[in-house]
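This report looks at how two protein chains meet, going from the contact as a whole to one pair of elements within it.

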Amino acid sequence: MREPTYFVLAALLGGPLHGYAIMKRAGELSGGRVRLATGTLYTALDRLTDEGHIRLVGEETVAGRVRRTYGLTKGGSAALRAEARRMAEAARLVTDREPAPTGGRLAGKLRTT
Amino acid sequence: MNRASAGRDGGAGRLERRARRLLRAYPPGYRARRGEEILGTLLEATPPGRGWPRGRDVASVLAGGVRARRKTNLRLAEAVSLRQAAILAIALYLCGLLNHELGLLRFPGWSPDPVGVGWRALLPCVPLAVTVAAAWSGRPRLVAVSAAVATAALGYLAFASLSLPGGHGAGAVESALSALIVPVLSLAALTLLTRSVRRPPRSWLWLAGLTVGVTVLRVVAARLQLGPAEHALASLGSWTATAGSAYSPLAAILVGVSLCWLVTDSRPLIAVAGSLYLTQLGTLMAGPSGPGVNWTQFIELNAPLTVALILVRLIQRRAHPSPPTTS
């Protein structure tokens, strides 16, 4: 799963949101790293809807324009959590290991002899 | 309303107009479904006081439009897709035919008449143009009627040319009949195709307009007796290969444009290739005295384009994403 997709799904964890709110929330959650552009957002929303990860939950008219809100489906939530677990395991590979001392094994062997 | 707020409203209106223009990147069906929603988000995402959406929004909407168009085209059934390409191929071929006839058009007082058909060259032009226009406006009955009239006019012209000086040599009748085979079959095929498939996209029509436009300019140049301009437009507007070049300039332009079109749609390239086949076949059927192409050239010209088309089709079908489980 690509980072923008991950943050779009993560933005919807807190409840259904409309397009611009998803962009803002994804930006906040990623600490400003993921800045979704409008076209990218709607391409992602189309794809995620086709895949069954999100669904349309509401529609209202604001200033004469349709505003649709999207929510996570169970499948989307499961895919997001699976991706989060995968990333956490990948992160643990690095964070749980002590860095080897400078000079490595050879230096240690030389010290013991 | 004070001047500042009027300016602000004017700026917002300008921004909305520009954003709406930008949304044309999406195909019409998609725009009808989601256009207003995307527009709302685009306007919300644009910082106040700006007259244009942000650069990355512009780029992403353009890229999204290309993706949506490709997806829409790939969603069409293969048979429908190919039938629409066939309609464009025949339309382009008929425009080439119309160009040829227009090129023969002469009225008294115009530049010298090398063939001697004169004003009668105009007879098939009108029904040919109507046939193409009717195919695009989704009128199968009008296509059938105008195709029948065009067939009659082409037949009349072919046999009228037999009475011209030098037109009644050995095998002239057979030659005139065989020259009619490809045009008549193409008109019949167009009639059948327009009955069974919805009309092709309007955005394709300018390919046909380009071919006819060049020849209309050429006729105007002939009328004004602008020799060099007429000659240049004649060589640009010719469909068939000329000595020393594989494709005529116009054919090369159409192939180039349809190659660019591959980003979203492979059908224009299929159609241009099809019309080149028909044109060359028509020239070959017109007999050995016809200009341009022989059978060896025919194969040489079309083999690379055919291989390219098959590859393009295969690649596009493979690239068509079947919904993956994760992105």
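## Polar contacts and salt bridges

In this predicted model, 14 residue pairs are in polar contact between chain B and chain A, with both residues of a pair at pLDDT 80 or more. The count of salt bridges between chain B and chain A is 5, and one of these joins the side chains of Lys71(B) and Asp50(A), with an N to O distance of 2.9 Å.

## The side of chain B

On the side of chain B that touches chain A, the elements giving two or more residues are helix H1 (3-22), helix H2 (28-45) and helix H3 (55-75) of chain B. The largest share of that side comes from H2(B), which gives 13 residues. Sorted by class, the side of chain B that touches chain A holds 13 charged, 9 nonpolar and 7 polar residues.

## Extent of the contact

Chain A brings 28 residues to the contact and chain B brings 29 residues. About 2,200 Å² of area is buried between the two chains, and carbon and sulfur atoms give 45% of this area.

## Packing of H3(A) with H3(B)

Helix H3 of chain A, residues 38-51, packs with H3(B) at an angle of about 35°, the two axes lying 6 Å apart. From H3(A), the residues that meet H3(B) are Thr38(A), Gly39(A), Thr40(A), Thr43(A), Asp46(A) and Asp50(A), while H3(B) contributes Asp57(B), Ser60(B), Val61(B), Gly64(B), Arg67(B), Lys71(B) and Arg75(B). By class, the residues of this contact of H3(A) with H3(B) comprise 6 charged, 6 polar and 1 nonpolar.

Key:
Residues numbered from 1 in each chain as written. Chains lettered and ligands numbered in written order. Predicted model: local features only at pLDDT ≥ 70, side-chain atom pairs only at ≥ 80, totals over all residues. Heavy atoms only, no water. Contact = heavy atoms within 4.5 Å. Buried area = accessible area lost by both parts, 1.4 Å probe. Salt bridge = Lys/Arg side-chain N within 4 Å of Asp/Glu carboxyl O. Polar contact = N/O pair within 3.5 Å; in protein donor to acceptor, adjacent residues only side chain to side chain. Helix = DSSP H or I, 4+ residues; strand = E, 2+ residues; numbered from the N terminus. Nonpolar A, V, L, I, M, F, W, Y, C, P; charged D, E, K, R; others polar. Axes fitted to C-alpha atoms, helices over the stretch in contact; angles between N-to-C directions.
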